Amino acid sequence: MAELNTGDGGGGKGGKVRSKKQSSKVDLTAMVDLAFLLITFFMLTTSLSKPQSMDLSLPDKDPEKDTKDTKVDENRTMTVMLADDNKMVYYMGLLATPIAGPKDIAYGKDGIRKELLKRKKSVLEYSAGLGKPKNGIIVIIKPTKKSNYKNLVDILDEMAITGVETYAIVPEFTPEETKLLDKK
C-alpha cells in the first residue's frame with residue numbers, strides 16, 4: 001500500500017522553523033501483479049501461427065491386396081522428370097508417341113507454370129468434348145536420384161499454384177526415359 005511519512009514539522013535549533021521535505025513511497029506490488037495477469041491473459045488468448053502442410057495421399061502398404069494397374073487416358077497425362085543441376089524435362093502423352101515434347105523447361109512462372117496452365121486448359125477442353133468436363137490433367141512427377149529436394153518441393157508448389165488436383169510422385173523410369181535424361 002502507499003505509505004506517506006511525515007515529520008513532526010517543528011522545533012529544532014534556534015527557533016527557526018524549516019520545512020522538512022516529505023518523502024513518499026509508492027507500493028507497486030499491485031501494478032506488477034496486474035502486469036503479470038495481463039501478460040498471462042494475452043499469452044493464453046493469442047493464437048500462434050500454425051504450420052502449413054500439403055496433403056499427400058499415399059497408397060496402402062498391404063502386400064496382400066491385389067494391385068491393379070490403373071489405365072489413364074494418355075491425352076490427359078503429363079510427365080515431368082526432374083534431373084540433376086535443376087533441369088526438368090516434360091512430355092505429354094506417352095514417350096513413344098508424345099503429344100508434346102519431350103522438352104527441357106525451366107522452373108517458375110515463365111516455365112513450367114505457364115506450360116501447366118496451358119496443358120490444363122487444353123485437357124479440360126478435350127475432356128469436355130468427350131462429355132466428361134471434370135476430368136482434368138494428370139501429372140506424373142518423376143524425380144531422379146540426382147535431383148535435389150528443393151526441385152521436388154518447387155514442382156509440388158507449382159501443382160498447388162496452378163490448381164492441378166491429380167498428380168503422383170513416381171520414382172521409377174522406363175529405359176527410354178533414362179536414355180532421354182542421359183542425353184540431356
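E115 and R119 make a salt bridge, with 2.8 Å between the closest N and O atoms; the term covers a side-chain nitrogen of Lys or Arg within 4 Å of a carboxyl oxygen of Asp or Glu. The model is a predicted one, so to speak of local features pLDDT of at least 70 is needed, side-chain atom pairs count only at pLDDT 80 or more, and totals for chains, interfaces and linings use all residues. Residues are numbered from 1 along each chain as its sequence is written, and side-chain values use heavy atoms, with hydrogens and water left out.

The two partners sit four residues apart in helix α2, about one helical turn from each other. Helices here are DSSP runs of H or I with at least four residues, strands are runs of E with at least two, and both are numbered from the N terminus. Both E115 and R119 are buried, where buried means under 20% relative accessible area, exposed means over 50%, and partly exposed falls in between (1.4 Å probe, protein chains only). For E115 the relative accessible area is 10%.

E115 also has a salt bridge to K118, at 4.0 Å from N to O. This pair is three residues apart in α2 (residues 112-129), again about one helical turn. K118 is partly exposed, at 49% relative accessible area. Elsewhere, K150 bridges to D154, with the closest N and O atoms 2.8 Å apart. Both residues belong to helix α3 (residues 149-162), four residues apart, or about one turn of the helix. K150 is exposed, with a relative accessible area of 53%. Through shared partners, salt bridges join E115, K118 and R119 into one network. The count comes to five salt bridges.

Next comes the sheet. Five strands form an open sheet with mixed pairing, in the order β5-β4-β3-β6-β7; two strands pair if DSSP finds at least two bridges between them. β5 (98-105) and β7 (166-169) stand at the edges with a single partner strand each, so one side of each has no neighbour in the sheet. From one strand to the next, the twist averages 15°. Angles run from 0 to 180 degrees between N-to-C directions, and axes are lines fitted to C-alpha atoms, for helices over the stretch in contact.

Strands β3 (residues 77-82) and β4 (residues 88-93) run antiparallel and are joined by five bridges. Here T79 stands opposite Y91 in β4. β4 and β5 are antiparallel as well, also with five bridges between them, and M92 stands opposite A100 in β5. β4 and β5 form a hairpin, with four residues between them.

Two helices meet this sheet. Helix α2 lies across β3, β4, β5 and β6 (138-143), running at about 5° to β4. Helix α4 (residues 175-183) packs on the sheet and touches β3, β4, β5 and β6, its direction making about 50° with that of β3; contact means heavy atoms within 4.5 Å.

Finally, there is a nonpolar surface patch of about 770 Å², made by V26, L28, M31, V32, F36, I39 and M43. Patches are made of residues with over 30% relative accessible area and no salt bridge, joining like charges within 9 Å and nonpolar side chains (Val, Leu, Ile, Met, Phe, Trp, Tyr) within 5 Å. Accessible areas come from the Shrake-Rupley method with a 1.4 Å probe, and for residues only the protein chains shown count as cover. L28 is placed in the loop between β2 (24-25) and α1 (29-45), and L28 is partly exposed, at 47% relative accessible area.
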